[in-house]
Amino acid sequence: MRFEFIADRSCKIKTFLRGHGISKGLLARIKYQGGHIWVNGIEQNAIYLLASGDKVTVDIPAEVGSPHLLPIQYPLEIVAEDANFLLVNKPAGYASIPSILHSETMANFVKAYYREQGYENQQIHIVTRLDRDTSGLMLFAKHSYAHSRMDKALQARSIEKRYYALVSGAEDLPDEGEIIAPIARESDSIITRQVHTSGKYAHTSYRVLHRFGQVKLVDIQLHTGRTHQIRVHFSHIGQPLLGDDLYGGSMDFGIDRQALHCYSLRFTDPFTNQERHYEASLTDDLENVIIGLQKI
């Protein structure tokens with residue numbers, strides 16, 4: 001893939017490109033795996049001294065992808081796609097990446113799609129991962145440079161992810177609030193998490209949209225991205241998600257997975273500087289639970 005920049009100061013190429021999100025590792029790939037750097041049409045190396053106004057052209061070599069990740073055919077619901085990103089509406093029941101327990105995953109499905117389309121880059125780069133039983137918007141970068149740019153956005157907390165969840169608890173839940181509580185791994189489990197002082201900072205905001213007795217439909221914004229963050233935080237305040245038996249959620253409402261759906265994703269495209277905002281409607285199983293609650 002080719003990217004072009006105009007130097008705004010005098011500095012070495014590697015310094016200038018680092019300011020545009022091209023890491024030391026990516027520069028090494030460009031150097032050793034068939035990439036190129038040109039300045040005003042002449043090929044140069046990474047320590048060449050730029051002058052203000054120079055045109056810098058970078059060719060990033062194609063990514064072959066891991067031979068261990070098997071392509072598996074699946075009818076992906078593609079929400080948006082361009083040369084840099086792929087956004088899909090993930091169904092519940094599929095993990096993001098393969099593991100000992102899960103071999104048919106979103107990464108496998110996307111690899112099959114890339115092969116079908118004949119894309120030059122075959123490596124799978126997940127920007128926003130979702131738990132196996134969480135549905136909704138999931139963002140992939142289509143090459144390592146796009147992934148690097150979005151990683152910086154994640155670190156800067158400038159990607160806004162919003163979720164719908166159905167939670168239930170006997171205690172009252174304020175109309176809106178902030179849950180700020182550190183999350184750590186349970187000492188006797190590699191899967192479950194808990195709120196604990198030894199954990200990492202975690203911040204969740206919420207707003208109650210509807211109340212159905214002890215069940216509430218909440219709109220949630222994640223400010224950090226800890227494993228199982230929403231599930232752990234709402235269990236911690238006595239409002240576990242419906243269907244989430246791992247964290248004490250009720251299994252009495254006709255849903256057998258955590259009632260959690262990533263419905264909104266908003267970010268600034270690092271290649272165009274335009275804001276991008278996408279939404280995905282609630283899944284049928286969550287809609288059916290709400291319809292049933294409205295009849296009670």
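Which residue forms a salt bridge with aspartate 82, and how far apart are the closest N and O atoms? The partner is arginine 276, and the closest N and O atoms are 2.9 Å apart. We will meet this pair again in the first view below.

A note before you look: this is a predicted model, in which local features need pLDDT of at least 70 and side-chain atom pairs count only at pLDDT 80 or more, while totals for chains, interfaces and linings use all residues. Residues are numbered from 1 along each chain as its sequence is written, and side-chain values use heavy atoms, with hydrogens and water left out.

**View 1. Aspartate 82 and arginine 276 meet in a salt bridge.** A salt bridge here is a side-chain nitrogen of Lys or Arg within 4 Å of a carboxyl oxygen of Asp or Glu. Aspartate 82 sits in the loop between β5 (78-81) and β6 (85-90), and arginine 276 belongs to strand β16 (residues 275-279), so the pair ties together parts that are 194 residues apart in sequence. (Helices, H or I with at least four residues, and strands, E with at least two, are DSSP runs numbered from the N terminus.) Aspartate 82 is partly exposed at a relative accessible area of 26%, whereas arginine 276 counts as buried at 12%. Buried means under 20% relative accessible area, exposed means over 50%, and partly exposed lies in between (1.4 Å probe, protein chains only). Look for Asp269 as well: Asp82, Asp269 and Arg276 are linked in a network of salt bridges.

**View 2. Two further salt bridges join aspartate 8 to arginine 9 and arginine 162 to aspartate 219.** The whole structure holds 16 salt bridges. Between the side chains of aspartate 8 and arginine 9, the N to O distance is 3.0 Å. Aspartate 8 is exposed, with 55% relative accessibility, and arginine 9 is partly exposed, with 36%. For arginine 162 and aspartate 219, the closest N and O atoms are 3.2 Å apart. This pair links distant parts of the chain, with arginine 162 in strand β9 and aspartate 219 in strand β14 (residues 215-222), 57 residues apart. Both arginine 162 and aspartate 219 are buried.

**View 3. Tyrosine 164 and tyrosine 263 form a stacked pair of rings.** The structure holds 14 aromatic pairs. Rings of Phe, Tyr and Trp (its six-membered ring) pair if their centres lie within 6.5 Å; planes under 30 degrees apart count as stacked, over 60 as edge-to-face and the rest as tilted. Here the ring centres are 3.8 Å apart and the planes lie at 5°, so the pair is stacked. Tyrosine 164 comes from strand β9 (residues 160-168) and tyrosine 263 from strand β15 (residues 260-268), 99 residues apart. Tyrosine 164 is partly exposed at 22%, while tyrosine 263 is buried at 7%.

View 4. Tyrosine 206 lies in strand β13 (residues 203-212) and phenylalanine 234 in helix α5 (residues 229-236), so the pair ties together parts that are 28 residues apart in sequence. Both are buried: tyrosine 206 has a relative accessible area of 7%, and phenylalanine 234 has 0%.

**View 5. Charged side chains sit over the rings of tyrosine 119 and phenylalanine 271.** The charged end of lysine 142 is 4.2 Å from the ring centre of tyrosine 119, and arginine 149 lies 5.5 Å from that of phenylalanine 271. A charge sits over a ring if NZ of Lys or CZ of Arg is within 6 Å of the ring centre and within 35 degrees of the ring normal. Phe271 also belongs to an aromatic cluster with Phe3, Phe85, Tyr145 and Phe267.

**View 6. Helix α2 (residues 24-32) has buried residues Leu26, Leu27, Arg29 and Ile30.** They cover an arc of only 155° around the axis, which puts them on the same side of α2; the arc is that of the directions from the helix axis to the C-beta atoms. On the other side, Lys24, Lys31 and Tyr32 are exposed. The buried residues pack against α1 (13-18), β2 (36-39), β4 (55-59) and α4 (144-155), where contact means heavy atoms within 4.5 Å.
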